[in-house]
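Subject: Handover of a structure

Hello,

I am passing a structure on to you. Please open it first, then read the notes below.

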Amino acid sequence: NILHVGLDVDDAQYHGSAFNKVTGEVIDFRCRPTLKALLTQLDRLQRHFRGLSVRLCYEASYVGYCLQRDLQAKGWHCDVVAPSSIPSPRGKAVKTDRIDASHLAQFYANELLTIVQPPGAEQEQDRDLLRTRQKLMQQRTQLRRHLQSLLRRNGLHYRGETGNKSHWTKHHYCWLQRTVKGASGSLKVNLSLLLREIKGLNEILAEYGQQIEELAVAPRHHKAVRSLTCYKGIKNLFALTMITEIGDIRRFPHPCQLMSWIGMDVREYSSGGKHRRMGITKQGNRYLRTAFVEANQRGYRSMRLGKNLKARRKDTAPELEAIADRCLRRLNKKGNRQMQSGKHTNNVKDACAREMVGFVSESLNAATARGGSGSVVFSHLKARRHPR
């Protein structure tokens with residue numbers, strides 16, 4: 001007794017398709033891209049199909065989860081579907097919004113789609129803050145490269161003139177200002193505007209950093225952040241990235257599922273008695289994948305605890321420190337063994353990041369349990385070898 005409705009969400013128009021799995025009846029509709037117009041169409045469907053419960057779904061896109069929250073607030077069941085899980089019919093040369101909505105409704109009725117776990121509004125805002133900072137970091141990197149290329153094309157070389165190798169230091173900025181003053185014409189205008197843009201981004205990113213530090217001590221994130229910052233290589237930025245991107249860790253019963261969701265599973269193509277295993281799939285959350293790999297840049301090379309790490313562990317629970325210590329020993333053993341065997345540095349980082357996923361899952365579960373009754377320690381993910 002369920003009527004499945006697929007929505008193709010667009011800025012210009014909403015296209016919908018209602019599919020009754022029992023009778024095979026299909027009703028297509030379209031409306032303006034507003035909540036009021038969509039609710040009017042849903043009321044018409046409810047009156048036409050009396051006695052049926054209406055369930056909607058739409059593909060995850062730039063719209064986010066605001067439409068889902070608005071529909072659920074009005075009493076309608078709505079799911080957000082992962083785009084990568086939508087089957088692609090072969091031999092179809094026509095693709096329109098109406099056809100996409102019809103396929104979405106049929107796949108939804110036959111349970112062929114993967115439903116995305118919606119984050120809370122507050123969690124989504126925190127996640128967007130961190131993602132925006134990363135986007136601005138990428139923009140600043142592109143501007144810096146463009147400025148350096150512009151200087152080299154005009155015969156201006158910082159390293160050649162000063163002998164210093166480090167860029168974007170205080171001395172480098174002073175050299176840039178002197179270079180801008182000594183230039184003339186369009187080059188002077190171009191360099192001054194680019195330098196002003198880079199300095200503006202530096203100030204904005206500094207403010208983002210302050211907001212992130214305040215967010216790390218907020219009551220809703222404090223316990224989880226403390227459980228992750230006791231790891232070597234993980235500070236407030238990476239800890240908040242992992243927390244906001246993962247959400248509720250309890251929706252992953254096993255670390256293997258979390259690893260698959262991040263996109264760190266090993267690709268495999270085995271057929272005809274031949275087994276071939278390649279790199280990681282990279283078919284998942286790229287923000288989390290980047291955070292785990294960056295956290296394992298060089299930390300696995302030594303087991304020494306630095307001054308900053310000891311300060312971060314000052315008020316951490318002993319069981320959480322024990323998990324982090326086990327992770328450090330495991331990464332040190334695995335990383336050094338692979339380095340000695342001649343593995344590429346990037347492959348070693350990926351392997352250590354895969355190992356860290358299990359320990360992070362254990363720490364977040366333990367931190368969640370500490371908020372309730374007692375402390376629970378979960379077994380970490382063990383590496384599985386392919387049978388020879």
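Helices (H or I, at least four residues) and strands (E, at least two) are DSSP runs, numbered from the N terminus. This is a predicted model, in which local features need pLDDT of at least 70, side-chain atom pairs count only at pLDDT 80 or more, and totals for chains, interfaces and linings use all residues. Residues are numbered from 1 along each chain as its sequence is written, and side-chain values use heavy atoms, with hydrogens and water left out.

The whole chain

The chain has 14 helices and seven strands. Its C-alpha trace spans about 80 × 60 × 55 Å along the principal axes. Of the 388 residues, 41% are buried. Buried means under 20% relative accessible area, exposed means over 50%, and partly exposed lies in between (1.4 Å probe, protein chains only).

Contact means heavy atoms within 4.5 Å. Take the contacts between residues at least 6 apart in sequence: 61% of them join residues at least 24 apart.

The chain carries 67 positive and 34 negative charges, and their mean positions are 10 Å apart. Lys and Arg count as positive, Asp and Glu as negative; His and the chain ends are not counted. Each charge is placed at NZ of Lys, CZ of Arg, CG of Asp or CD of Glu.

Helix α9 and what follows

Helix α9 covers residues 236–246. It is mostly covered, with nine of its eleven residues buried. Among them are Asn236, Leu240, Met242 and Glu245. Just after α9 comes Gly247, with a positive phi of about 80°.

Aromatic rings

Three aromatic pairs turn up in a search of the whole structure. One of them joins Phe252 and Trp261: the ring centres are 5.4 Å apart and the planes stand at 45°, so the pair is tilted. The cut-offs are these: rings of Phe, Tyr and Trp (its six-membered ring) pair if their centres lie within 6.5 Å; planes under 30 degrees apart count as stacked, over 60 as edge-to-face and the rest as tilted.

Phe252 is buried, at 9% relative accessible area. Trp261 is partly exposed, at 29%. Arg251 lies over the face of Trp261, 5.0 Å from the ring centre. For that, NZ of Lys or CZ of Arg must be within 6 Å of the ring centre and within 35 degrees of the ring normal.

The loop between α5 and α6

Asn164 sits in the loop between α5 (158–162) and α6 (170–182). It is partly exposed, with a relative accessible area of 30%. Leaving out residues up to four places away in sequence, Asn164 touches Tyr158, Arg159 and His171.

Trp168 is in the loop between α5 and α6. Its relative accessibility is 17%, so Trp168 counts as buried. Trp168 is not a glycine, yet its phi is positive, at about 60°. Most residues other than glycine have a negative phi.

Two more residues

Lys282 lies in the loop between β7 (277–280) and α11 (286–294). Its phi is near 60°, a positive value in a residue other than glycine. Lys282 is exposed, at 54% relative accessibility.

Gln338 is found in helix α13 (residues 318–340). It is buried, with a relative accessible area of 16%. Not counting residues up to four places away in sequence, Gln338 touches Lys343, Asn347, Val348 and Ala351.

Best wishes
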